[in-house]
Amino acid sequence: MNTKDIFNFLKPKNELENQGEFAENHPYIPDELWVKCPICKNVILSSDLVDNFKVCPKCGYHFRIAARQRIEMTVDEGTFTEFDADMTSSNIIDFPDYARKLKNAKINSGENESVITGMAKIGGYDTVMAVMNSQFMMGSMGTVTGEKVTRAFEYAAENQLPIIIFTVSGGARMQEGIMSLMQMAKTSGAAKKHSDAGLLYITVLTDPTTGGVTASFAMEGDIILAEPHALIGFAGPRVIEQTIRQKLPKDFQSAEFLLEKGFVDAVVERKDMKSSLARILSLHCSVPTKESTKEDEDNECI
Amino acid sequence: MSAYDCVTAARANNRPTSIDYITRIFGDSFFEFHGDRRFADDKAVVGGIAELNGSPVTVIGLEKGRNLKERMDRNFGAAHPEGYRKALRLMKQAEKFKRPVICFVDTAGAYCGIGAEERGQGLAIAENLMEMMTLRTPILSILIGEGGSGGALALAVADEVWMLENAIYSVISPEGCASILWKDSGKAAEASECLKLTSKDLFKLGVIERIIREPKDVDSKLFDSLKNLISETLEKKKELSPERLIELRYNRFRKF
């Protein structure tokens, strides 16, 4: 990296800020030496941020992270096996420009869809997982997103396993029209079947979780956790402001607001997420699976 | 008729609302019940019990109101969480007493406001989707006007979904879609074409089972034939065991 790059962050308008309101409010972490926290404005060494679970060491702001990083931080090392990795969306209702958007989303995120599903161990306990990705069309739910989540529920139900879903989503994917709306019903049906089998479903709501995902599987967990300060709601703040023609109070629709109103069980910091999930799993699953003792785990990672 | 003509027709002020359908199909037998037993009575949702050709049924409708005063009173058919919870309470009651559920859907969408968020709009819809999926009694949903996204789906997880010829059903309003796509909500007509929101398009996509033809002037023929159609359909559904019914309902949505 040359000195010019080091000072990039000092420019009053970086290129991200020109990508509309969204990027301005929620910058992702650029691949630079230093990063400025959008909340407390402190400048943080990138490596410090990585060591700190991508949470600002000064103010505790949780930067958005990609689904792969999330999985890496949360599961026992080397235990993640992905499901349906090659499944990709197509332009089912011939929506204008959708094919190009999909292509860009794949390039930008390096992923095939807005959700990654699979199996892993957390604290030695087997669990099915689905982790949504904000870098893929803002985590919007299309047919393939819904299908992968549904299959994850069905796999968990068949194999008597718990499921943990990390949500991040702008809602249903407009470009797939009514078919994306139908995913809300489909995933809810699968969640219900899993629930009726007496199995555990934990949701972790991360920034932002809104629209059709909030109004379906995000809110259907037996236990609902949220990351600090995550925006969680049905309608987005801008839509509400336009509807009621008023400014919304600060912290409205934050994880803490939902905790106060009784809609989430706990707000859990990222550094405590893995241990919290392991604790919950330990109280629902009888024993860690055989091969998951510490020693075996180390062996498996080779 | 273009897609946008359908949008205009679906929203027309003189279009029959849920109360019209309930009155014309069930007559005096409809007994309205109120409240979600948790917070309030949401007037955007009308529900109760009625008799259909001698059999008891539960009837629920999203109600926009038929004149300005009624529309304001009913929040233009945009339900709050308590509305969806009232609907679910009545569905659970129907399950207990083994009577089928008929839903009339007509809403621009679930209400977007401070109170709606504070009381868990997302959760209320999610719970309806989840519970309706395994309700042990037949559910028939009829989209009579606007079917606005999750707010409509919360009453449309059914064994069969029907649509009036000029009704619409969409994941987002054409205006919302146009403003996202082209930063111009005035291009709603173009967006309507893209969204495939007409009854014809949705039938082709397999999202609905039946299109109900609309006569030029709404007359009693529409309601009479609809009444018979509902009755016949529910009689057939009643022959299925609850387990089979739930399995078929799951598969109905699993295919999407």
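**Entry: helix α2 of chain B**

I started with helix α2 of chain B, residues 18-26, and looked up which of its residues are buried: B:S18, B:Y21, B:I22, B:I25 and B:F26. Viewed down the axis of α2(B), these buried residues stay within an arc of 95°, so they line one face of the helix. I set this beside the general rule: an α-helix has 3.6 residues a turn, so residues three or four places apart point the same way.

I note here that I am working from a predicted model.

Next I asked what the buried residues of α2(B) pack against. Just after α2(B) I found B:G27, which takes a positive phi of about 55°.

**Entry: chain B as a whole**

I counted elements next. Chain B has 12 helices and 8 strands. Its radius of gyration is 17 Å, close to the 18 Å that the globule rule gives for 256 residues, so chain B is as compact as a globular protein of that length. Along the principal axes, the C-alpha atoms of chain B fill a box of roughly 50 × 40 × 40 Å.

Of the 256 residues in chain B, 54% are buried. I also looked at contacts with a separation of 6 or more in chain B: residues 24 or more positions apart account for 71% of them.

**Entry: chain A as a whole**

I repeated the look-up for chain A. It has 12 helices and 9 strands. Buried residues make up 46% of its 302 residues. Among the contacts in chain A with a separation of 6 or more, 68% come from residues 24 or more positions apart.

**Entry: helix α7 of chain A**

I picked out α7 of chain A, residues 177-196. This helix has 20 residues and reaches 30 Å from its first C-alpha to its last, close to the 28 Å expected at 1.5 Å a residue. Is α7(A) mostly covered or mostly open? It is mostly covered, with 18 of its 20 residues buried. Just after α7(A) comes A:G198, which has a positive phi of about 80°.

**Entry: where the chains meet**

How many residues does each chain give to the contact? I found 36 residues from chain B and 37 residues from chain A. On the side of chain B that touches chain A, the elements giving two or more residues are the helices α5 (114-118), α6 (121-133), α7 (149-153), α8 (174-182), α9 (188-195) and α12 (242-254), and the strand β7 (168-170), of chain B. The largest share of that side, 8 residues, comes from α6(B). I sorted the residues of this side of chain B by type and got 24 nonpolar, 8 polar and 4 charged.

**Entry: nonpolar cores**

I then turned to the cores. The largest nonpolar core has 149 residues, and the members that touch the most others are A:A226, B:C103, B:V105, B:L129 and B:L143. I followed B:C103 further. Leaving aside neighbours within four places in sequence, B:C103 is in contact with B:I60, B:G61, B:I139, B:S141, B:L155, B:A156 and B:A158. A second, separate core has 5 residues, including A:Y98, A:L102, A:A105 and A:M137.

**Entry: backbone exceptions**

Before this search I wrote down what to expect: most residues other than glycine have a negative phi, and most peptide bonds are trans.

I found a cis peptide bond joining A:D207 and A:P208, with omega of about -15°. A:P208 lies in strand β7 of chain A, residues 201-209.

I looked up two lysines in chain B. B:K98 has a positive phi, near 50°, and is not a glycine. It is found in the loop between α4 (81-96) and β4 of chain B. Is B:K98 buried or exposed? With 12 other C-beta atoms within 10 Å, B:K98 is exposed.

B:K183 also is not a glycine, and its phi is positive at about 55°. It sits in the loop between α8 and α9 of chain B. B:K183 has 8 C-beta neighbours inside 10 Å and so counts as exposed.

**Entry: one serine in chain A**

Last, I checked A:S47, which is in helix α3 of chain A, residues 46-51. It has 10 C-beta neighbours inside 10 Å and counts as exposed. I also took the separation of the C-alpha atoms of A:S47 and A:E269: 19 Å, for two residues 222 apart along the chain.

Key:
Residues numbered from 1 in each chain as written. Chains lettered and ligands numbered in written order. Predicted model: local features only at pLDDT ≥ 70, side-chain atom pairs only at ≥ 80, totals over all residues. Contact = placed C-beta atoms within 7 Å. Helix = DSSP H or I, 4+ residues; strand = E, 2+ residues; numbered from the N terminus. Nonpolar A, V, L, I, M, F, W, Y, C, P; charged D, E, K, R; others polar. Expected span 1.5 Å × (residues − 1). Arc of directions from axis to C-beta. Core = buried A, V, L, I, M, F, W, Y, C linked by C-beta atoms within 7 Å. Rg over C-alpha atoms; globule rule 2.2 N^0.38 Å.
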